[in-house]
Amino acid sequence: KTLTLHRCMSTSSTHQVYIGLWKDRPVVIKCGIEDPVNIDGVPDTLPRPEMSLFDKPTRGTSMDEFKEMLHSFLKANLGEQPSLSVLVDRVITLADVNQDGKVSLAEAKSIWALLHINEFLLMVALQEKEHTPKLLGFCGDLYVTERVIHSSLYRLEVPHYLKAVIPEALSSSLNHWLAPSWPRRARITIGLLEFVEEVFHGSYGSFLICDASPHHVGYNAKYDCKMANLHSVASEAMVRAFLKGRRCENNADCIYGRDCTATCDRLVKQCNTEVVQPNLAKVCMLLQDYLLFGAPSDLRGDLEKQLRTCVTLSGLASQMEVHHSLVLNNLKTLLWKKISNTQYS
C-alpha cells in the first residue's frame, strides 16, 4: 500500500503509464506489458500471456549461468562493448532488491522480464547521465521513475483527433505565448544538446533518437532538461540488427521507429545499416521553432545560421564525428555566452 495511482496517462492497453505518489514523492509508474518490436517494426498490440514474461531463468540456473545470460542479452542489444561486464554487475546489484547479497529466482525473473522493455534497459545503461530520468524502483514488470514536471517542450498538446480542426499556426502561436522566457529555453536547450552528446559514443555504445518529438523532451522546475521518456531512443546495435538484410523497394522500407531512416540498396533490394540523419540534425529541427521566437536581436542572425548548418548535417556518423562535435559545441557556446553570469545560469 505504498503506491498511490493518481491519473492514467496512456491510451494503450499494452503499455500502461500512471502518475502517482510513492513515499510522498511524485512519480511515474509504468507497467511494461509491451512486446519488443516485431519483425515489421510495429509493436504488437496484444498483451503477452503473463506467464511467458517470467519464464526465465529457470529453476536450477547458477549465478554464473545467469551472468552469462545477461552478458549475451546485453551484447545482442547494445553491441560488443568493452564495459559490458560492468553493466552486468550493475544489473545484478539492481536485481538484489532486498540487498541480502544474493539474487533469488524471483528477483532474477523480475529483472530479466524488465530488461526486455527497451526503456528500462536504456535507463539502466544511461542511469548516471544527468538528463535521463532516474529509475526509483520496480516490482515484477512494473517500474517507477522520477516524475519530470514538464513532460514536453510545449505546454499545449493538441490531441491527434483535434489536429484537423485546430490550425497548426494557432497551436504554435499559443505555445509561443505560453513558453518559458527565452533565457530559460536556452538553458533547456543546452541540456538537450548535452543529452545528444551523452548518447553519442557513451560507455555502452551509441544510441539513436528515433522520434525527435517535442513531447519526449521535458524539463524540471529548475529548467534542467530531462528526457520525459526514452521510448524513442534505441541502441545503434538494435537499429542495425533491425535493418540488416531487410528487403526493400525504396528508402521508405528502411525506417526504424518514426524517423531512423537508412537508404535502400536497389540493386540487391536490401537496406543499408547506417542511419542517414544524425541525432543532432533532428534535435536542431526541433529547436528551430523552439529557440528562434523571442531570441535576442543581437543573437538571432548567428543562431539562425548555426541551426541551419546543424539541420543539414547528414552522412554516416562514423565519418563526421569531428564536424558533429564542432557544430554542437558552437551552438552550446553561443547560448551559454548569452546566459552565463545571469540569474538563468
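This is a predicted model: local features need pLDDT of at least 70, side-chain atom pairs count only at pLDDT 80 or more; totals for chains, interfaces and linings use all residues.

Colleague: What is the mean pLDDT of the chain?

Modeller: pLDDT is the predictor's confidence in each residue, from 0 to 100. In this chain, 86% of the residues reach 70 or more. The mean pLDDT is 86.

Colleague: Which element has the highest mean pLDDT?

Modeller: Elements here are DSSP runs numbered from the N terminus: helices (H or I, at least four residues) and strands (E, at least two). The lowest mean, 60, belongs to helix H1, residues 50–53. The highest mean, 95, belongs to residues 63–78, which form helix H2.

Colleague: How far apart are the end C-alpha atoms of H2?

Modeller: The expected span of a helix is 1.5 Å times one less than its number of residues. For the 16 residues of H2 that should give 22 Å, and the model agrees. The end C-alpha atoms of H2 are 22 Å apart.

Colleague: Within what arc do the buried residues of H2 fall?

Modeller: Buried means under 20% relative accessible area, exposed over 50%, and partly exposed in between (1.4 Å probe, protein chains only). The buried residues of H2 are Phe66, Leu70, Phe73, Leu74, Asn77 and Leu78. Taking directions from the helix axis to the C-beta atoms, these buried residues line one face of H2, because they fall within an arc of 105 degrees.

Colleague: Which exposed residues does the face of H2 turned away from its buried side carry?

Modeller: The buried residues of H2 pack against several elements, including helix H3 (84–95), helix H4 (105–115) and strand E9 (233–235). On the face turned away from that buried side, the exposed residues are Asp64 and Ala76.

Colleague: How many disulfides are there?

Modeller: A disulfide is counted as a pair of cysteine sulfur atoms within 2.5 Å. With the bonded cysteines numbered in sequence order, the pairing is 1-4, 2-5, 3-6, 7-8. The count of disulfides is 4.

Colleague: Which cysteine is joined to Cys210?

Modeller: The S to S distance of this disulfide is 2.1 Å, and the link is left-handed, with -90 degrees about the S-S bond. Cys210 sits in the loop between E6 and strand E7 (217–219), and its partner, 50 residues away, is in strand E11. Both cysteines are buried; the partner of Cys210 is Cys260.

Colleague: How many residues apart in sequence are the parts tied together by Cys248 and Cys264?

Modeller: The disulfide of Cys248 and Cys264 is right-handed. Cys248 counts as buried at 3% relative accessibility, and Cys264 is buried at 10%. Cys248 lies in the loop between H8 and strand E10 (255–256) and Cys264 in strand E11, so the parts they tie together are 16 residues apart.

Colleague: Which helix holds Cys310?

Modeller: Cys310 forms a disulfide with Cys284, their sulfur atoms 1.9 Å apart. Both are buried. Cys284 is in helix H9 (residues 279–292), and Cys310 is in helix H10.

Terms used
Residues are numbered from 1 along each chain as its sequence is written. Side-chain values use heavy atoms; hydrogens and water are left out. Contact means heavy atoms within 4.5 Å.
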